[in-house]
Amino acid sequence: MHNIKKLTGWQLILVFMLLAIIFLTPQLLKQTMYINSWDVPFHLSRVYEITKGFENGQWLPDVSAYTFGENGYGVNFFYGYSFTYLVSLIYFLTHQAVTAVLVSYVILLTLAMSINYYAGSLFFKGVYARLKSVVFSILYVLAPVTFGEIKVRGLPGELIGILLFPAVVAAFYSIMFTENRKSWIFAGLVTAITVTNHVLSTLLLIIILVVMFVIFLYQKQISRAKISQLIKAGILSLLLSAFYIVPLAQHLLMDHVAGANKIWGTVSIWDSVAASLNNQATLNWTVIPVGVFVFIMSIVVLLGLLYLKSFSNQMKRIGGWLGVSIVIIFYTPTDILMRTPLHVFQMMGRFYPIIMMLAVLFVVEGLVHFYEIGLLRFKTLNLVFGVGILLALLSAWRMQATTYYTANNDIANYQKNNRPFPKTVSNKNFVYQITHYYQLPLGSKDYLGKERVRFVNGYQFASWGDTKDATQIYVNGKLSSLKLTHQGYTFNVENLPTSAAQVRLPMTNYEGWQATGSHGQNLPIETVKGKLAVTPQGSRTIKLKYHKTLYHRLAIWVSGLTLVGMLLGSLVVRIKNKRN
């Protein structure tokens with residue numbers, strides 16, 4: 001910690017990369033993924049699907065033809081995929097799926113620490129701002145929940161949302177409460193990354209940013225320059241994420257798909273304390289574990305401040321908001337929230353980033369404050385931070401060792417017809433596992449046509465499930481022996497009887513489907529019982545092809561041109577700075 005000031009930006013990034021590799025070493029050596037939940041094959045299937053799209057010349061995904069039942073499920077309309085796209089690109093280039101995932105983990109953790117370090121520089125002030133930024137970025141990013149998400153869910157967009165949460169908050173804090181006039185670009189960029197990976201994280205950030213804006217207005221810090229920056233940040237994030245949010249909005253509004261499950265899981269404060277002291281993350285969001293170091297040091301800092309009666313304004317603000325957040329998150333009646341639009345969060349534990357961010361800030365600011373008033377020596381301060389990083393490492397290694405090196409791993413036991421599915425996925429068997437065992441529409445119950453979905457106790461179930469054939473076809477309202485097939489991303493129905501007046505297919509009628517007959521003529525499409533139905537008009541063959549809508553294509557161009565413009569602008573600024 002003594003030499004942090006001497007490190008250049010690139011050297012710090014190398015340090016972050018080294019830490020990411022060290023923390024992931026057990027899994028990197030094993031080159032294996034365990035099926036701890038349906039989230040793992042769900043996200044691995046998305047990687048495989050996007051990669052198959054590359055092979056078919058489809059460089060931006062839409063419907064699925066090789067996974068989720070091979071029936072045109074629009075998974076990438078509704079689930080952000082910018083990080084999954086990176087994983088898929090590495091897999092496409094290397095043909096090693098699990099290695100692609102693990103390399104992407106290293107990239108993700110490195111970038112997350114780097115981004116949060118920069119975000120810390122927008123928030124922390126004073127002589128030790130750089131030290132605070134480095135320690136905060138490491139303790140927050142390499143926390144137990146990070147490796148719990150990796151272990152349980154594989155490649156969740158939720159993890160990106162969690163890791164970038166402080167960066168987005170810090171960027172908008174800088175705009176509203178400081179005089180920094182360059183934060184809007186950073187704010188727009190990190191917001192767009194969050195939006196294009198996880199919608200719920202975006203909604204959580206909107207709630208926090210609205211609260212911040214109300215405080216901003218109350219404190220009368222408003223100015224034309226700050227409002228201009230906020231508007232520019234918002235516009236930039238919308239432009240960069242248009243390729244995802246435009247088709248998402250279009251299909252949600254126009255395709256009559258079923259909404260989210262109306263359930264709400266509570267979170268236990270005492271179980272959260274136990275999980276934090278155990279220094280592990282659980283398999284669900286019923287607890288909020290912050291890790292043993294952050295938990296214990298939060299108490300130490302609080303007791304020390306109360307004893308010394310030495311509270312800076314910064315510590316008062318952080319501590320106050322941490323206390324308010326704990327009360328709201330742990331004690332708000334969930335039956336009230338379930339009746340509001342907030343029910344989409346489903347689990348109260350998903351508010352974890354708020355508590356974790358504030359708790360780490362409280363610990364880092366408090367310990368440095370103790371040094372500044374002479375209570376700690378600088379060597380002791382470095383030692384304490386070092387212990388925190390070591391405990392985070394031990395937590396990550398313990399979770400990976402339990403998963404990949406012992407036989408006592410508590411993992412899901414999935415099966416079909418009393419035959420258990422394999423529990424591991426490797427580079428060698430990845431394609432076989434995805435296409436043979438985890439092919440059926442697992443996890444694809446979300447965002448299907450309304451009439452094909454029923455809700456039981458707030459949880460939705462599809463009319464076909466894990467044990468039914470996702471390629472089945474109904475002719476004139478009756479189940480047929482014909483099956484939906486595909487060649488690339490063209491779906492086919494062949495050998496239809498001439499008496500067929502209506503053919504109901506196992507896909508949702510998304511805006512953009514086109515059906516053609518034997519002679520290439522367009523055939524009428526409608527929605528029947530939540531599924532796409534075609535009137536064959538005497539044709540014995542139906543071909544279906546999904547075409548991105550005009551709005552979708554325009555949105556792709558908008559995002560692409562915005563990104564190119566940012567890169568060119570950055571290059572111009574660099575050239576000018578070198579000349580000066």
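Visitor: How many bridges join strand 10 to strand 15?

Guide: There are 4 bridges between strand 10 (residues 490-493) and strand 15, and the two run antiparallel. Before we go on: this is a predicted model, where local features need pLDDT of at least 70, side-chain atom pairs count only at pLDDT 80 or more, and totals for chains, interfaces and linings use all residues. Residues are numbered from 1 along each chain as its sequence is written, and side-chain values use heavy atoms, with hydrogens and water left out.

Visitor: What counts as a strand, and what counts as pairing?

Guide: Strands (E, at least two residues) and helices (H or I, at least four) are DSSP runs, numbered from the N terminus. Two strands pair if DSSP finds at least two bridges between them.

Visitor: Which residue stands opposite Leu544 of strand 15, coming from strand 10?

Guide: Phe491 stands opposite Leu544. Leu544 is also the bridge partner of Ala515. Strand 12 (residues 513-516) is joined to strand 15 by 4 bridges, again antiparallel.

Visitor: Which residues of strand 15 are on its covered face?

Guide: In strand 15 (residues 542-546), Ile542, Leu544 and Tyr546 make up the covered face, while Lys543 and Lys545 are on the uncovered one.

Visitor: New topic. What is the strand order in the open sheet of 5 strands?

Guide: The order is 8-7-11-14-13, with antiparallel pairing. Strand 8 (478-483) and strand 13 (525-528) are the edge strands, each pairing on one side only.

Visitor: How is strand 7 joined to strand 8?

Guide: By 3 bridges, with the strands running antiparallel. Gln472 has Lys483 in strand 8 as its bridge partner. The two strands form a hairpin with 2 residues between them, and Asn476 in that turn has a positive phi of about 55°.

Visitor: And what about strand 7 and strand 11?

Guide: Those two are antiparallel as well, joined by 2 bridges. Tyr474 stands opposite Arg504 in strand 11. Arg504 also stands opposite Ala533 in strand 14, and 2 bridges join strand 11 (residues 503-504) to strand 14 (residues 531-534).

Visitor: Are the faces of strand 7 covered or uncovered?

Guide: Both are covered: Gln472 and Tyr474 are buried on one side, and Ile473 and Val475 are buried on the other. Buried means under 20% relative accessible area, exposed means over 50%, and partly exposed is in between (1.4 Å probe, protein chains only).

Visitor: OK, helices. Which residues of helix 15 are buried?

Guide: They are Gln314, Met315, Ile318, Leu322, Ser325, Ile329 and Phe330. Seen down the axis of helix 15, they fall within an arc of 105°, so they line one face. That arc is taken from the directions from the helix axis to the C-beta atoms. On the other side of helix 15, Asn313, Lys316, Val327 and Tyr331 are exposed.

Visitor: Why can residues a few places apart point the same way?

Guide: An α-helix has 3.6 residues a turn, so residues three or four places apart point the same way.

Visitor: How far does helix 15 reach from its first C-alpha to its last?

Guide: Helix 15 (residues 313-331) has 19 residues and reaches 27 Å, close to the 27 Å expected at 1.5 Å a residue. The expected span is 1.5 Å times one less than the number of residues.

Visitor: Where does Val135 sit, and is it buried or exposed?

Guide: Val135 lies in helix 7 (residues 129-141). Val135 counts as buried because its relative accessibility is 1%. Val135 and Gly388 are 253 residues apart in sequence and 9.2 Å apart in space, C-alpha to C-alpha.

Visitor: What about Ala500, where is that found?

Guide: Ala500 is in the loop between strand 10 and strand 11. At 6% relative accessibility, Ala500 counts as buried. Ala500 and Gly538 are 38 residues apart in sequence, with 7.2 Å between their C-alpha atoms.

Visitor: Last one: which residues of helix 5 are buried?

Guide: Phe83, Thr84, Val87, Ser88, Ile90 and Tyr91 are buried in helix 5. They cover an arc of only 160° around the axis, which puts them on the same side of helix 5.
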